[in-house]
Amino acid sequence: MAQIVESSRITGVKFVQLQPFGDERGRFMETFRKDWFPERSWEIIQTNRSDSRAGVLRGLHYHFRQVDYWYVPHGRIRVGLADLRRNSPTFGASEVIELGDHNECGVLIPPGVAHGFYALTDATLTYLVDNYYDGSDEFGVAWDDPTLAVPWGAPEPILSGRDRVNPRLADILAEHRP
């Protein structure tokens, strides 16, 4: 059975330590169960897959109306999280966790928590969301914002054009802040 632990740094973020079962044929592992998160009325609407080569940094992104659940079936990534929810007791807190090879873990990311990842190796990220993609609920904040101080350990990451110009938290208009 998976072990679920709430982040000690960001309220509402949950880490799921997964339990693989293996033998000489290979292995099996449950990567998501609705009943792991009884506080949520989960209806998985969409699943996504992101493939990245080593050195790519994606994010930071956030939503007002979408929960994400991430799992890395291949490779290794460093997940960066930052609490942008003004009414949260952990507002402004950031955290980094490595997922993938040698850390079979899933992560539940609530609305208002900015999230991104740095690919330490070529990696595949799968994620479940509870809403269909909606560009009007897709926002970004600078990956290297000094106020958030996410400890990426990524001196010169490969960024998309969009992520390269995400604004700093101080420059985000009030209506685009959770």
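Author: Happy to show you around. The largest pocket has a volume of about 500 Å³. Please keep in mind that this is a predicted model. The lining of the largest pocket is made up of 29 residues, and those nearest its centre are His-61, His-63, Tyr-127, Glu-138 and Arg-162. Several elements give two or more residues to this lining: strand S5 (46–52), S6, S7, strand S11 (113–119), S12 and helix H1 (161–164). Sorted by class, the lining holds 11 nonpolar, 10 polar and 8 charged residues.

Now for the charged pairs. Side chains of opposite charge can pair when their charged atoms come close. Across the whole structure, a search finds 12 salt bridges.

Let's start with Arg-65, which forms a salt bridge with Asp-134; their closest N and O atoms are 2.9 Å apart. Arg-65 sits in the loop between strand S6 (57–62) and strand S7 (68–74), while Asp-134 sits in the loop between strand S12 (123–129) and strand S13 (139–140), so this pair ties together parts that are 69 residues apart in sequence. Both partners are partly exposed: Arg-65 has a relative accessible area of 44%, and Asp-134 has 33% relative accessibility.

Next, look at Glu-98 and Arg-78, whose side chains meet in a salt bridge with an N to O distance of 2.9 Å. Glu-98 belongs to strand S9 (residues 94–100) and Arg-78 to strand S8 (residues 76–83), so here the pair ties together parts that are 20 residues apart in sequence. Glu-98 is partly exposed, with a relative accessible area of 29%. Arg-78, on the other hand, has a relative accessible area of 15%, and it counts as buried because that value is under 20%.

Salt bridges that share partners join Glu-30, Arg-33 and Asp-35 into one network.

One more pair is worth a visit: the side chains of Asp-51 and Arg-49 meet in a salt bridge, at 3.0 Å from N to O. Asp-51 is partly exposed, at 42% relative accessibility. Arg-49 has a relative accessible area of 59%, so it counts as exposed, the cut-off being over 50%.

Notes: Residues are numbered from 1 along each chain as its sequence is written. This is a predicted model: local features need pLDDT of at least 70, side-chain atom pairs count only at pLDDT 80 or more; totals for chains, interfaces and linings use all residues. Side-chain values use heavy atoms; hydrogens and water are left out. A salt bridge is a side-chain nitrogen of Lys or Arg within 4 Å of a carboxyl oxygen of Asp or Glu. Buried means under 20% relative accessible area, exposed over 50%, partly exposed in between (1.4 Å probe, protein chains only). Helices (H or I, at least four residues) and strands (E, at least two) are DSSP runs, numbered from the N terminus. On a 1 Å grid over the protein atoms alone, a cavity is a set of points where a 1.4 Å probe fits but cannot get out, and a pocket is an open set with protein on both sides within 12 Å along at least five of seven lines; lining residues have an atom within 4 Å of a point. Grid points are joined across faces, edges and corners, and a volume is the space filled by probe spheres set on the points. Ala, Val, Leu, Ile, Met, Phe, Trp, Tyr, Cys and Pro count as nonpolar, Asp, Glu, Lys and Arg as charged, and the others, Gly among them, as polar.
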